[in-house]
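Subject: Handing over a structure

Dear colleague,

I am passing a structure on to you, and below it you will find my notes on what turned up when I went through it. Please read them with the structure open beside you.

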Amino acid sequence: MSVHLERSWIVMGLLALAISLVRGDDGFLTEPPDYIKECRIADKNFVNCSTQSIQQLFDKLNDGIPGLTSIKSFDPFHLNRIRITQGNSNAINLKVELANVKIVGFGHTHVLESQVFKKDYSWKTTFTLPVMKLKGDYSLFGRILLIPLNGRGQVFLDADNMTVTMHTKTRLYSKGGFTFYNVTNCRVDFKIDGLKSYFSNLFNGNKQLEDSTNKFFNDNWRMLADALYTVITQTIEDILLDVLKKIFHYIPANYFVSDIPTPEQLYGKAKPKPK
């Protein structure tokens with residue numbers, strides 16, 4: 001091989017590595033890991049098996065999945081920015097922006113049930129979070145519980161005993177001889193047993209009004225939880241969608257559902273690999 005050709009191969013290799021790093025491409029597992037329980041969807045005890053498997057996956061996320069470098073931290077989890085506008089009643093008319101968000105609690109996820117539907121291999125997963133704490137910078141304009149608000153500062157939310165039902169849509173695709181999930185959508189509903197909150201600088205430095213409003217929010221936490229329902233659900237959805245996309249591009253679906261069909265078998269024709 002000539003020196004010129006050898007250098008060309010080196011350059012191409014470095015370029016491929018650089019592209020991989022920029023895209024956050026972790027490759028994928030080619031052997032089943034010991035932290036996942038393989039299940040057959042044709043078996044009558046599949047839901048119990050799948051529930052155990054997903055619990056083991058959440059437990060492993062606390063320590064970090066070997067080779068999956070694109071997930072920096074699961075608990076705490078960090079989000080750069082969330083923007084939400086809602087105005088679904090006379091009591092709620094809000095424009096909210098959260099930045100530098102830190103969420104604590106997903107490390108204690110307890111999976112109650114994990115279902116996979118044979119029709120399209122979408123999921124329904126129910127789990128509990130004993131505590132979920134959110135801290136970040138907020139910008140808020142509008143009305144909560146008929147209270148006019150216009151402020152910027154820090155927000156603290158502390159939800160007790162949260163039960164989350166997650167509905168996840170997927171498309172199967174093939175890679176390296178395996179079937180993978182491409183997670184395309186994640187929608188959640190939740191219930192909680194309590195919500196503590198604090199918004200700093202709600203009224204541009206009027207400490208007395210700020211304290212009385214925060215006390216009102218905590219005394220009427222159920223109404224506040226309803227008012228912030230969209231904010232909380234979108235935060236959870238953004239976290240889970242980001243994490244699930246990365247996990248299931250890295251771990252073949254075959255290791256979760258051993259008898260999962262190929263895309264050709266499910267759809268009747270090959271589906272392109274997601275970009």
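Let me begin with one side chain, K169, which counts as partly exposed because its relative accessible area is 45%, where partly exposed is the range between buried, under 20% relative accessible area, and exposed, over 50% (1.4 Å probe, protein chains only). Before going further, please keep in mind that this is a predicted model, in which local features need pLDDT of at least 70 and side-chain atom pairs count only at pLDDT 80 or more, while totals for chains, interfaces and linings use all residues. Residues are numbered from 1 along each chain as its sequence is written, and side-chain values use heavy atoms, with hydrogens and water left out.

K169 forms a salt bridge with D120, the closest N and O atoms being 3.7 Å apart; the term stands for a side-chain nitrogen of Lys or Arg within 4 Å of a carboxyl oxygen of Asp or Glu. This pair links distant parts of the chain, since D120 sits in the loop between β3 (110-116) and β4 whereas K169 belongs to strand β5, 49 residues apart. D120 is likewise partly exposed, at 26% relative accessibility.

**The chain as a whole**

The chain has six helices and seven strands, and from the N terminus on its elements run α-α-β-β-β-β-β-β-β-α-α-α-α; helices (H or I, at least four residues) and strands (E, at least two) are DSSP runs, numbered from the N terminus. Of its 275 residues, 45% count as buried. Among contacts with a separation of 6 or more, 71% are between residues 24 or more positions apart, a contact being heavy atoms within 4.5 Å.

**The strands around β5**

Which strands pair with β5 in the antiparallel sense? Strand β4 (residues 123-144) does so with β5 (residues 147-175) over 21 bridges, strand β6 (residues 178-191) over 13 bridges, and strand β7 (residues 194-199) over six bridges; two strands pair if DSSP finds at least two bridges between them. As points of reference, G136 stands opposite V155 in β5, T170 stands opposite V183 in β6, and D158 stands opposite K196 in β7. The hairpin of β4 and β5 has two residues between the strands, and L145 takes a positive phi near 55 degrees there; the hairpin of β5 and β6 also has two residues between its strands, with G176 at a positive phi near 60 degrees.

**Other salt bridges**

A search of the whole structure finds eleven salt bridges. One of them joins the side chains of D158 and K133, at 2.6 Å from N to O. Because D158 lies in strand β5 and K133 in strand β4, the pair ties together parts that are 25 residues apart in sequence. D158 counts as buried at 16% relative accessibility, whereas K133 is partly exposed with a relative accessible area of 39%. Another salt bridge brings together the side chains of D211 and K207 (3.7 Å, N to O), and both of these residues lie in helix α3 (residues 207-219), four residues apart, about one turn of the helix.

**The core and its rings**

The largest nonpolar core holds 81 residues, of which F106, I144, M162, Y181, I247 and I251 touch the most other members; such a core is a set of buried Ala, Val, Leu, Ile, Met, Phe, Trp, Tyr and Cys residues joined through side-chain atoms within 4.5 Å. Leaving aside its neighbours within four places in sequence, Y181 has contacts that include V116, Y121, W123, F248 and I260.

The structure also holds 15 aromatic pairs. The rings of W123 and F248 have their centres 4.8 Å apart and their planes at 55 degrees, so this pair is tilted; rings of Phe, Tyr and Trp (its six-membered ring) pair if their centres lie within 6.5 Å, and planes under 30 degrees apart count as stacked, over 60 as edge-to-face and the rest as tilted. W123 is in strand β4 and F248 in helix α5 (residues 229-250), 125 residues apart. W123 is buried, with a relative accessible area of 8%, and F248 counts as buried at 3% relative accessibility. Y181 and F248 form an edge-to-face pair, 5.5 Å centre to centre with 80 degrees between the planes, and this pair joins strand β6 to helix α5 across 67 residues. Elsewhere, ring pairs link F28, Y173, F178, F180 and Y255 into a cluster.

With best wishes
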